[in-house]
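Open the model in your viewer and keep the selection panel at hand.

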Amino acid sequence: MSFSPYYRPRRNRRNVATRALLAETVVKPSDFIYPIFVIEGTNRREAIASMPDIYRYSLDKLQEEIAACYDLGLRCFAPFPSLSDEKKDKYAKESHREGNLFLQTIQTLKKDFPDIVLFTDVAMDPYSSDGHDGLVENGEILNDETLEILAKMAIAQAQAGADYVAPSDMMDGRVAYLRQALDEAGYTHTGILAYTAKYASAFYGPFRDALDSAPKMGDKKTYQMNPANVKEAMLEARLDAEEGADMLMVKPGLAYLDVIRVLADNFDLPIAAYNVSGEYAMIKAAAQKGWIDGEAVMLETLLGFKRAGAKVILSYFAKAYAEIYPKL
Ligand code: PBG
């Protein structure tokens with residue numbers, strides 16, 4: 001039988017240059033926000049067992065690490081503090097104590113690298129003896145009382161030099177509350193990266209190892225979203241946009257690419273995707289076992305976020321990506 005297909009899409013995939021020419025999605029180092037962990041002390045660099053190649057750094061070591069990232073073209077960072085238990089209490093008082101490790105970190109990094117952009121997490125969990133993002137009373141997470149604590153934290157971070165505060169707590173009304181609190185304190189230029197659709201996810205496990213911040217009782221399902229829902233993500237996005245968010249985030253990323261797409265299609269604010277710790281750990285673990293090609297899977301994964309509509313990617317792969325980017 002003589003048959004020759006009339007349509008041959010493979011012509012456009014014949015060689016490297018043609019494929020590069022026609023690539024619809026490109027990931028660049030400037031697309032990333034790199035999450036980094038800071039600990040007390042000096043000259044410390046601690047491995048995190050469930051996150052190979054990611055470390056907790058004391059501030060002096062973190063300065064070196066940020067310098068290395070800077071040289072690779074990374075400019076945007078999301079620091080998280082890892083505190084010892086004696087610094088934690090029910091009210092997360094350490095979170096807004098003047099001169100605390102986190103505020104010191106923000107100040108130092110902005111002084112060393114004035115053109116970096118810092119996104120600082122606003123939630124109680126790293127400072128809470130209950131390991132929750134909000135204030136716990138008789139087993140309940142109190143919404144409105146938590147807002148006051150979050151606002152103190154956000155103002156302290158803005159004062160230290162944070163470019164965007166990033167509420168990851170999922171309390172109702174927090175974007176409006178923080179916007180008003182920041183404006184009244186004179187920080188009209190400080191942005192809000194809202195963790196808009198943050199799901200109650202098992203993919204956060206390694207992060208909670210890194211910060212030793214797992215909830216002491218219960219789970220986070222009364223404030224973080226049900227993984228079954230996407231309409232509810234639209235509701236959260238509408239509220240965050242109306243309340244004054246500057247960017248909307250979906251978290252985790254990989255199991256929620258449809259949510260990223262829906263928000264990207266329906267909102268004109270930039271959408272961020274958080275490629276969370278468990279997603280990182282799965283790829284690293286399978287690669288260590290030789291079961292997958294870790295680098296190739298990383299590249300494919302990061303493309304997936306952008307293809308789904310994310311403008312910004314928070315990822316523990318940011319540095320590894322920036323390292324190989326010139327060769328891509
Ligand atoms: C807490 C917070 C979490 C992450 C970022 N901020 C964990 C949680 O909600 O329990 C997870 C990030 C990751 O897994 O990489 N406010």
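On a 1 Å grid over the protein atoms alone, a pocket is an open set of points where a 1.4 Å probe fits, with protein on both sides within 12 Å along at least five of seven lines; a cavity is a set the probe cannot get out of; lining residues have an atom within 4 Å of a point. This is a predicted model: local features need pLDDT of at least 70 and side-chain atom pairs 80 or more, while totals for chains, interfaces and linings use all residues. Numbering runs from 1 along each chain as its sequence is written, and side-chain values use heavy atoms, without hydrogens and water.

**Largest pocket.** Select Ala 20, Ala 23, Glu 24, Thr 25, Val 26, Val 27, Leu 299, Leu 303, Arg 307, Tyr 321, Tyr 325 and Leu 328: they line the largest pocket. Next, colour helix 10 (residues 294–307), which gives the largest share of this lining, three residues.

**Second largest pocket.** Here 23 residues form the lining. Pick Asp 53, Tyr 280, Lys 284, Tyr 316 and Ala 320, which lie nearest the centre.

**Ligand.** Around the ligand are 18 residues (a heavy atom within 4 Å). Ser 168, Arg 208, Lys 251, Ser 277 and Tyr 316 come nearest.

Which side chain has an N or O atom 3.2 Å from a nitrogen atom of the ligand? Select Asp 133. Then turn to the ligand's oxygen atoms: a polar side-chain atom of Lys 198 lies 2.7 Å from one, and for Lys 220 the distance to an oxygen atom is 2.8 Å.

Definitions and conventions
Helices (H or I, at least four residues) and strands (E, at least two) are DSSP runs, numbered from the N terminus. A polar contact is a pair of N or O atoms within 3.5 Å; within protein, one must be able to donate a hydrogen and the other to accept it, and residues adjacent in sequence count only if both atoms are side-chain atoms.
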